[in-house]
Amino acid sequence: MEQKSPIRNNPTEPFNDLPALPPVGIELETPEILRHLAKAARYIGELNGLCESMPDPQLLINSIVLQESKDSSAIENIVTTNDELYKAAAGEISGHPAAKEVLSYREALYSGLDRMNSQKGLLLTNTLVEIVQKIKQNDAGIRNTPGTALKNAIAGEIVYTPPCCEEVIREKLEDLEQFINDPSLSPLDPLIKMALIHYQFESIHPFIDGNGRTGRILNVLYLVQQGLLSQPVLYLSSYISKYKAEYYALLKQVTETNNWNDWIMYFLSGMIETAQSTTKKIRRMLELKVQYEQSMKELLGSSYNHQLLELMFTHPYLKIEILENKQLAHRQTASTWLKKLSDAGVLLQEKKGRTIYFINHKLVEILAAD
Ligand SMILES: Nc1ncnc2c1ncn2[C@@H]1O[C@H](COP(=O)(O)OP(=O)(O)O)[C@@H](O)[C@H]1O
Ligand SMILES: [Mg+2]
């Protein structure tokens, strides 16, 4: 195979020469990529069709978004267990700091989506700044001091130094913003563009911290912006977690040897795999919901409450206070309902600290599955 000449080989120098998108002089639409692209588009279409056929997609998607928040944070070593996370989501305030950061991620994702929608679907630099501020719960903006470098986790050596500083970064973000929002700049397929955009954002690395996570939120917002998804439901983080070494190696290879082909292939493979697994998860959740509706009608008779069924899917860990706060029922009734459901094995009752949770354990299992 023909050896590509390195475009850059000093990882300790700020990469101020990072070129704007799209890459020039490189064939991106190779037969291999086009075949993968067609497959990815088909599976994403299937997933989106399924979401569009659901009467209330947000109901199930919320827990997928939470799972993504956990996976994307875990790539950055912000690790929480499902148990910690669902307790925090159920309102436990003394929770684990990592679990809180994961909840902030979810909030950042939703607010980014709202912001994009309120700006006629434009994805602007400011929105990315707002996203990172929400994730990190601080008001740090774009880096304005040198010193940010990416290090190898094992040896600690510098593997990449992003551009410096604020003025240069802002210029590069402006170019990226244009590439994202102006389709006339490049005729490439949005899925290929998404891979380019993710590389570019990570390479600009505009913030001191939170770049990986903001870049992964940007991915899903872009899919929605491009109309490939009507709900924010498809994420690469579980795939990236599984093939993390490759994720880092390929980012580096694009910089050093212009190896766009393997980066795009990695991305498309991730889309194919995760679109299929998400479709499967949603189908299983829908089945579980039908099954629970049936059992609840049998168990609760005329006091069957549809909102309770819905709550069991938006809150994998339920507690009596949640039913009270949502004004579904008074304490006594709420407690009777949940007790009946746990006695029948629909929910799993567990005391954790001083709180009693009623856990939708089958949902938790589905969400955690590969
Ligand atoms: N060689 C590289 N070039 C560009 N970006 C990289 C490289 N290696 C890793 N990254 C990106 O940097 C991210 C980590 O940056 P960081 O700001 O710490 O994100 P977070 O706080 O979300 O932890 C990784 O998830 C990856 O997306
Ligand atoms: Mg970090």
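Student: Into which domains is the protein chain divided?
Tutor: This is a predicted model, where local features need pLDDT of at least 70, side-chain atom pairs count only at pLDDT 80 or more, and totals for chains, interfaces and linings use all residues. Residues are numbered from 1 along each chain as its sequence is written, with chains lettered from A and ligands numbered from 1 in the order in which they are written. Bounds come from an automatic or database domain assignment, and here they give domain 1 (31–281) and domain 2 (282–368).

Student: Which element gives the most to the side of domain 1 that touches domain 2?
Tutor: Contact means C-beta atoms, placed from the backbone, within 7 Å, and 16 residues of domain 1 meet 20 residues of domain 2 that way. Helices here are DSSP runs (H or I, at least four residues; strands are E, at least two), numbered from the N terminus. At least two residues each come from α2 (57–75), α3 (82–89) and α11. The top contributor, with 5 residues, is α2.

Student: How does α1 run relative to α11, roughly parallel or roughly perpendicular?
Tutor: Axes are lines fitted to C-alpha atoms over the stretch in contact, with angles from 0 to 180 degrees between N-to-C directions. For α1 (residues 31–53) and α11 (residues 260–300), the angle is about 25° and the axes are 9 Å apart. Under 35 degrees counts as roughly parallel, over 145 as roughly antiparallel, 65 to 115 as roughly perpendicular and the rest as oblique, so α1 to α11 is roughly parallel.

Student: Which residues come nearest to ligand 1?
Tutor: Near means a C-beta atom, placed from the backbone, within 6 Å. Of 17 residues around ligand 1, the nearest are Glu-76, Glu-202, Asn-211, Gly-212 and Arg-213.

Technical notes: Two residues are in contact if their C-beta atoms, placed from the backbone, lie within 7 Å.
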